[in-house]
Amino acid sequence: MLPFIAKRTATLVAAVVVSSFAVFLIPYFTPGDPVRKIIRSRVSGDVVDDAAVQSLSLSLGLQDPLALQYFRWLGRIATGDMGLSHVSRTPVADQVLPALAVTLSLVVLSLGLAVVVSLPLGIAAGLRQGKATDRVITTVTQSFIAMPEYWVAPLLVLVFALKLSVLPSAGWAGPASMVLPAVTLALRPISYFTSAVRSGMIEAAAAAHVPAARARGLSQAQAILHHVVPNGLVPLSTLFAVWFAGLLGGSVIVEVIFAVPGMGRLLFDAVINSDIPLAQGGVVVVVALAVTVTTLADLVHRLLSPAVEGSYA
């Protein structure tokens, strides 16, 4: 287990370093003088004097080798210093952290809803393979894959906000305002989660240990609960982490449509306004958190698999 943890930790560090270096290079691949852009994110007021620009460049080490600049920048990021926003002239961290909290709330709510819905559906479909229940559940949930967020979101607003007037159409002001964006993001995960649980149920029900458990005196319900259901949780834990990481930065459309002040909306505004420091800080935080979550999911999967296998003995 320790070698596996060491290997995954090394992979985590390597992924963060490579992705952060790509983010660091953003100013060098956008129009304009990268030196002036970086300086503007560090000082207040507009810097127009060339002598002042050169002086600040020297003081900030912007004429040093690129690798040295990168590690210096990465060190500041690691301590929470993401620079100043070009637009608001406020620290990037003061904008990223509240937005991240909103997005985390939305993602956890959406995936929690997906798990609550998909677990009973997947179990029911898997235990009734090939029957009407299985066909209905599979058909309905698989249809969610063909429903993109940019189509679902306006439809939900039209029905529940404008037509029925039971939910707010936008904002992030309370539990009611969370419903529509959470449901929009939950639909496609429900499809994948249900399929994963169903497959786990079918595979476990066909395994030799289930009849053996019945022969030891367990009832059908007990055999399913102790030997079949755990199989559906192992792939679900991995899928949950993958979707969690993906939705951290992939909820842009939903956050823009519903005016949710999360990371997706923040990065969208940063790109529109060419706010390089804000885009850099936001992307680094999202990537680092996403990679960390997927790494932890691998560890959980590794821990669950032997536990599940051990329960079959």
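Helices (H or I, at least four residues) are DSSP runs, numbered from the N terminus. I'm working with a predicted model, where local features need pLDDT of at least 70, side-chain atom pairs count only at pLDDT 80 or more, and totals for chains, interfaces and linings use all residues. Residues are numbered from 1 along each chain as its sequence is written, and side-chain values use heavy atoms, with hydrogens and water left out.

Entry one: the greasy surface. Which helix gives the most to the nonpolar patch? I found that α7 does, with seven residues. Helices α7 (149-163) and α11 (252-257) each supply at least two. Ile257 sits in α11, and the patch also includes Tyr150, Trp151 and Phe160. Patch residues have over 30% relative accessible area and no salt bridge, with nonpolar side chains (Val, Leu, Ile, Met, Phe, Trp, Tyr) joined within 5 Å.

I counted three (a side-chain nitrogen of Lys or Arg within 4 Å of a carboxyl oxygen of Asp or Glu). One joins Asp134 and Arg198 at 2.7 Å, N to O. That pair links distant parts of the chain, with Asp134 in α6 (residues 132-143) and Arg198 in α8 (residues 175-205), 64 residues apart.

I looked at α5 (residues 92-127) and α12 (residues 263-272), which pack at about 135° with axes 7 Å apart. Axes are lines fitted to C-alpha atoms over the stretch in contact, and angles run from 0 to 180 degrees between N-to-C directions.

Definitions and conventions
Patches are made of residues with over 30% relative accessible area and no salt bridge: like charges are joined within 9 Å, nonpolar side chains (Val, Leu, Ile, Met, Phe, Trp, Tyr) within 5 Å. Accessible areas come from the Shrake-Rupley method with a 1.4 Å probe; for residues, only the protein chains shown count as cover.
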